[in-house]
Amino acid sequence: IAIGLLEAPYRSTGNKEKIALDIALSRIKQLSAHEIGHTLGFSHNFLASSNNNSSVMDYPHPIINIKNNKIDIKNAYSSGIGEWDKVSVAYSYSEFDESEDENMELKNILENAYKNNLRFISDTDSRPKGSSHPLAHLWDNGEDAIIELKKIMKVRDIALQNISLDHLKKGEPYSNLQDIIVPIYLLHRYQSEAVVKLIGGVDYDYAVKGNIKYEIKTIDKVKQREALNNFIQLLTPEKLKFPNNLRKILFPKAFGSKTTRENFLTQTGVVFDFIGSANTFSDNLLELLLNPERVSRLIQQSGFEISQLSLEEVLESLFAVSFKKRYSDNHNRQINEVVKHNVLKNIFNLGQNPKAYPEIKAIIFSKLESLDNFLADQEDSVYSNYYRNEIQKYFDNPSDFRPNYSNRMPDGSPIGNFSCDY
């Protein structure tokens with residue numbers, strides 16, 4: 001990641017490898033503190049990144065800034081432990097006089113932490129694709145997920161434009177650029193997960209009855225709509241395509257090199273698959289947005305408050321950003337076609353999910369009818385007729401629906417999975 005973010009790190013006039021090494025070492029230092037925390041009995045706190053990195057027990061994304069239109073990663077990882085870590089140590093290892101009520105003192109530690117906005121949310125509420133907490137995420141940054149997404153997209157744009165042969169050492173195969181490009185192309189991967197959790201999102205704590213009165217809070221309708229508007233922009237060709245300059249330098253894997261789990265798979269043989277990469281990532285984004293648990297919360301929330309973001313609005317927004325867009329550039333159109341496929345595929349999947357409310361299925365049926373009517377009036381009959389045929393097949397035999405093929409996402413999380421729930 002560090003090499004990919006640096007501009008021309010191996011240019012003959014100024015090698016920047018030491019900067020990348022220093023960043024990697026600062027990450028290892030942070031990771032060491034994290035693992036020591038586990039040996040002390042501390043659990044992950046995935047809410048910490050939204051509160052000034054208040055714990056080393058979160059999974060940190062590098063802090064990346066832009067200065068004078070250039071990427072700055074000199075302070076990618078914070079040093080030392082955070083304020084929540086001090087609370088954890090105090091709660092776990094404090095010793096009290098015989099004259100003190102230990103239970104009361106421990107309760108005071110936690111209540112004072114909460115009053116200072118030091119909160120705790122761990123694995124089971126943060127890792128699942130359908131999770132709902134608006135502040136508990138892995139590999140994210142920032143108090144406001146949307147602001148941070150906008151920032152990381154600007155960083156990504158600059159980094160992608162900067163990728164060149166100067167990202168390779170002399171004598172290194174051109175094909176190694178494939179390894180560098182993946183984490184940069186997917187730089188916003190986890191921040192987009194943070195944003196999507198605002199949609200149908202619910203803010204809560206591990207509440208215990210005491211002096212503090214806790215409440216569950218549904219994310220404000222304005223914030224949910226802002227999240228949706230920013231999230232669906234990630235599905236546009238402008239955000240899914242690669243810069244033109246990369247078409248001539250992303251070579252097939254060199255002799256002796258192999259495609260790994262951290263590379264994009266292809267539908268083009270050994271040749272880099274620019275359309276397939278967009279297909280894979282757009283499918284991943286749509287799986288997050290149309291997760292049945294997330295959509296069920298939208299149904300429930302709009303039932304409680306009629307002006308809240310609804311499933312109908314989400315589907316209309318997806319149609320607006322895909323089926324109702326026209327592109328004169330042929331490559332943009334190609335990318336938009338795979339997005340259209342993935343929109344339909346994920347809607348069909350949702351409609352056939354056994355966990356989906358009957359209301360979800362009814363809304364999907366209605367919106368697909370509307371889309372079919374829209375497509376019937378379009379001039380580009382080759383594509384419109386194809387999508388209409390897909391919709392009709394779904395209407396005729398919804399239980400026979402089989403999703404279109406989409407390559408798996410490259411591995412992204414440096415460490416951790418559900419076996420790390422501690």
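Modeller: Residues are numbered from 1 along each chain as its sequence is written. The model is predicted, with local features needing pLDDT of at least 70 and side-chain atom pairs pLDDT 80 or more, while totals for chains, interfaces and linings use all residues; side-chain values use heavy atoms, without hydrogens and water.

Biologist: Why is Ser282 called buried?

Modeller: Buried means under 20% relative accessible area, exposed over 50%, and partly exposed in between, with a 1.4 Å probe and protein chains only. Ser282 has 0% relative accessibility, so Ser282 counts as buried.

Biologist: Where does Ser282 lie, and which residues does Ser282 touch?

Modeller: Ser282 is in helix α10 (residues 274–289); helices are DSSP runs of H or I with at least four residues, strands are runs of E with at least two, and both are numbered from the N terminus. Apart from residues up to four places away in sequence, Ser282 touches Leu235, Leu240, Val339 and Asn342, where contact means heavy atoms within 4.5 Å.

Biologist: Why is Asn52 called exposed?

Modeller: The relative accessible area of Asn52 is 74%, so Asn52 is exposed. Asn52 sits in the loop between α2 (17–39) and β1 (65–67).

Biologist: What is the phi of Asn52?

Modeller: Phi of Asn52 is near 60 degrees, a positive value in a residue other than glycine. Most residues other than glycine have a negative phi.

Biologist: Asn117 also has a positive phi, near 65 degrees. Is Asn117 exposed, partly exposed or buried?

Modeller: Asn117 has a relative accessible area of 43%, so Asn117 is partly exposed. The loop between α4 (102–115) and α5 (145–162) holds Asn117.

Biologist: How do you know that the span of helix α14 agrees with its number of residues?

Modeller: The expected span is 1.5 Å times one less than the number of residues. Helix α14 (residues 358–376) has 19 residues and should therefore span 27 Å; its end C-alpha atoms are 27 Å apart, which agrees. Among the buried residues of α14 are Ile360, Ile363, Ile364 and Lys367.

Biologist: What makes a set of residues a nonpolar core?

Modeller: The members are buried Ala, Val, Leu, Ile, Met, Phe, Trp, Tyr and Cys residues joined through side-chain atoms within 4.5 Å. The largest nonpolar core has 88 residues, and Leu289 is one of those with the most contacts inside it. Beyond its neighbours within four places in sequence, Leu289 is in contact with residues including Val196, Phe231 and Leu318.
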